[in-house]
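Keep the viewer open as you read.

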Amino acid sequence: MSIKQRITIWFAALVASLLLLFSLFIYQTYESYRRSLMRNRLQRRALAGQLYFQNRVEFHSSGYLTLPDQHETILGPANNVIYKSSGPDDHKLTKGLLAQARKGEVQFTYDAPPWNKPKEGVALSFIIGGQRYVSVVTAYDLPGRQASNSLLFILFVGNIVLLVIVAFAGFWFARRSMRPFDQLIEQMNPSAANDFSFRLQSTSKADEAAYLAGSFNELLGRLQVLADSQEHFVAYASHEIRTPLTVVKGILETSIAYDKQLTDTRLSMEKALLRLEDAINLANSLLQLAEVEGLQSVKMQQDVNIVDTILDTISYFGEKHPNQKIDFALSDTFTERSQLTHVMGSSILLRTVLINILDNASKYSEKKPISLDVDLTGSQMAITVTDQGIGIPDKQISEIFMPMMRANNVGKIPGFGLGLTIAKKIIDIHQGTLQVVSKTNQTSVSIWLPASTIPT
Ligand code: ADP
C-alpha cells in the first residue's frame with residue numbers, strides 16, 4: 001500500500017470517527033431535550049388532574065396540549081378509578097407503580113404497538129380535601145420522535161456525504177504533498193546501479209523532499225569517492241604486487257643466464273629477496289586491513305592501561321629504530337585522574353595504531369625528534385604524536401585515510417598508504433576519532449578515545 005493510500009485511509013478514518021462522535025453527541029443532546037420536554041408536558045397534564053376536583057369545566061376545556069394517543073387516569077385513595085379520559089388505555093397500572101406514585105413522581109416508558117418507539121408516561125399524586133389522589137398520564141411523543149428520526153436521517157446522510165468529500169480531499173492532499181517525493185523517485189534510475197554521478201534535483205527549496213535530495217546527493221558523492229578509491233585501490237595494489245614479482249622474475253632469469261660465479265648468484269638472490277620482502281610486507285598489510293575490517297567493537301571490551309600500552313609501544317619501536325628520539329609527556333590533568341580514568345578496547349590493536357603513527361612520524365621527518373603527549377579533556381582521552389617532517393599538503397589531507405592513498409610529496413619514502421587506513425578502522429571500532437593536523441614541517445596525529453571517569 002502506498003503512503004498516499006495510507007494517509008487517505010487514516011485521514012478518512014480519523015475524520016469519520018470524529019464525525020460519528022459529534023453526530024452521537026448531537027443526537028443524544030436532542031434526545032435528552034425531547035425527553036425532558038415530553039416529561040414536562042405529561043407532568044403538567046397530570047398535575048392538572050387537581051382541576052377535576054376544583055373546576056371540572058375548566059378541566060375538560062383546559063388548553064393543555066393534547067398529545068397523540070394521550071390517556072389520563074385519576075385514582076382515589078383506595079386505587080379506585082375516579083376518572084378515565086378517552087384515548088387508548090394501553091398501560092396496565094400496577095399496585096407497585098401506584099404505591100410509588102403516592103411517594104413521589106414516577107416516569108416510565110412502555111411498548112405500545114403499532115408505535116415503533118416506546119410511549120412515555122408520568123404518575124404523581126396530590127392531596128385534595130385531606131385525601132391523596134394519583135394522576136397517571138400516558139402519551140406518544142409523535143412530533144418529538146419524528147424530529148428525532150429526521151435528525152438521525154440528516155446526520156446519517158450528512159456523515160456519508162462528508163466522508164466521501166473527506167476521502168477525496170485527503171487523497172488530493174496526500175498526492176499534492178507527496179508530489180516532490182514522486183518527482184525524486186522518477187529521477188532515480190535503477191539501471192544506473194553502479195553510476196553514482198547523477199544527482200537528484202528537488203523542485204522545492206526548503207522542505208523535507210529538498211532535505212532528502214540533499215542528503216541523498218551527499219551520500220552519492222561519498223559513494224562516488226568510495227568507488228573511485230576502490231578503483232584506485234585495486235589498480236594500485238595489483239601494480240604494487242606485480243612490480244616486485246616481475247623484478248624478482250627478471251633478476252632470477254638474468255642470474256640463470258649470466259651468473260657463473262657463486263658470489264654473483266648470491267648477490268642476485270639477495271636483490272630478489274629484498275624485492276620479495278616488499279611484496280610480503282604489502283600482503284601482510286592488506287591481510288591486516290581485511291582482519292580489522294571484520295572486527296566488531298563488542299568483542300574488545302577490556303579495560304586498557306593506556307600508559308602501559310604507550311610505554312610498551314615506545315620500547316618496541318625503540319628496538320626497531322634505535323636512533324629515533326621520542327619525548328613522552330603526560331598532562332597534569334591526566335596524571336591527576338589517570339587512576340580513575342578507564343578506556344575500554346583492545347591494547348593490542350591500539351598498539352598497532354600507535355606503531356603506524358610513530359612509523360610515519362619517524363620516516364616522514366628523517367628521524368627528527370617526535371613528541372608523544374597524553375591529555376584528558378572532559379570524557380575524551382587524547383594521544384597526540386607530533387613530528388617535524390615534510391607535512392601533508394592541505395588538498396590531500398582528507399584523502400589520506402583511504403586505502404593506498406599517499407600524498408604526492410612523499411618522494412621515495414617507502415610505504416603502501418595502508419597504515420592510517422588500518423589505524424582509522426581500529427579507532428572507529430573504539431568509537432574514537434583520528435585527527436590529522438598538518439602544516440609545513442609539522443604534523444600532529446591525535447587519537448581521541450572515549451574515557452569513562454569514576455567520580456571522586
Ligand atoms: P604510508 O605507508 O604511505 O605511510 P599511511 O596510511 O601511514 O601510509 O599514510 C598515508 C599517507 O599520509 C602517507 O603516504 C603520507 O603521504 C601521509 N602521512 C601520514 N603521516 C604523515 C606524517 N607524519 N608526515 C607527513 N605525511 C604523512
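The side chains of D327 and K325 make a polar contact at 2.8 Å. A polar contact here is a pair of N or O atoms within 3.5 Å; within protein, one must be able to donate a hydrogen and the other to accept it, and residues adjacent in sequence count only if both atoms are side-chain atoms. Before going on, bear in mind that this is a predicted model, where local features need pLDDT of at least 70 and side-chain atom pairs count only at pLDDT 80 or more, while totals for chains, interfaces and linings use all residues. Residues are numbered from 1 along each chain as its sequence is written, and side-chain values use heavy atoms, with hydrogens and water left out.

Back to D327, which sits in strand β7 (residues 326-330). Strands (E, at least two residues) and helices (H or I, at least four) are DSSP runs, numbered from the N terminus. Leaving aside residues up to four places away in sequence, D327 touches P369, I370, S371 and L372, where a contact means heavy atoms within 4.5 Å. I370 is 43 residues from D327 along the chain, yet their C-alpha atoms are separated by 6.2 Å. With a relative accessible area of 35%, D327 is partly exposed; buried means under 20%, exposed over 50%, and partly exposed in between (1.4 Å probe, protein chains only).

Now for the ligand. Which residues are closest to it? They are N360, Y364, D387, R406 and L420, out of 19 residues that surround the ligand; a residue counts as near if one of its heavy atoms lies within 4 Å. Helices α10 (347-363) and α11 (419-429) each supply at least two residues of this shell, and α10 gives the most, with three. Backbone atoms take part too. A polar backbone atom of A407 is 2.9 Å from a ligand oxygen, a backbone N or O atom of F416 lies 3.1 Å from an oxygen of the ligand, and for L418 the corresponding distance is 3.5 Å. The protein covers 97% of the 530 Å² of accessible area that the ligand has on its own. That area comes from the Shrake-Rupley method with a 1.4 Å probe; for residues, only the protein chains shown count as cover.

E366, in the loop between α10 and β9 (370-377), has a positive phi of about 50° although it is not a glycine. M404 also has a positive phi, near 65°, without being a glycine, and is found in the loop between β10 (380-387) and α11. Are these two residues buried or exposed? E366 is exposed, at 70% relative accessibility, whereas M404 is buried, at 1%. Elsewhere, a cis peptide bond joins P113 and P114, with omega about 10°; P114 lies in the loop between β3 (106-110) and β4.

On to charged pairs. A search of the whole structure finds 17 salt bridges, each a side-chain nitrogen of Lys or Arg within 4 Å of a carboxyl oxygen of Asp or Glu. One of them joins D90 and K119, at 2.9 Å from N to O. This pair links distant parts of the chain: D90 is in the loop between β2 (81-84) and α4 (95-103), and K119, 29 residues away, is in strand β4 (residues 119-128). K119 is buried, with a relative accessible area of 0%, while D90 is partly exposed at 33%.

Others sit within a single helix. K249 and E253 meet in a salt bridge at 3.5 Å; both lie in helix α6 (residues 208-258), four residues apart, about one turn of the helix. K249 is exposed, at 52% relative accessibility, and E253 partly exposed, at 46%. In helix α7 (residues 262-293), R266 and E270 are likewise four residues apart, and their closest N and O atoms are 4.0 Å apart in a salt bridge. There is also a network of salt bridges linking E31, R34, R35, E120, D141 and R145.

Finally, the UniProt record. Its unreviewed entry lists residues 7-30 and 151-174 under "transmembrane region"; positions are in the numbering used here, feature names are shortened, and annotations may be inferred rather than shown by experiment. In the model, residues 7-30 are 100% helix and 0% strand, with end C-alpha atoms 34 Å apart. Residues 151-174 are also 100% helix and 0% strand, and the end C-alpha atoms there are 33 Å apart.
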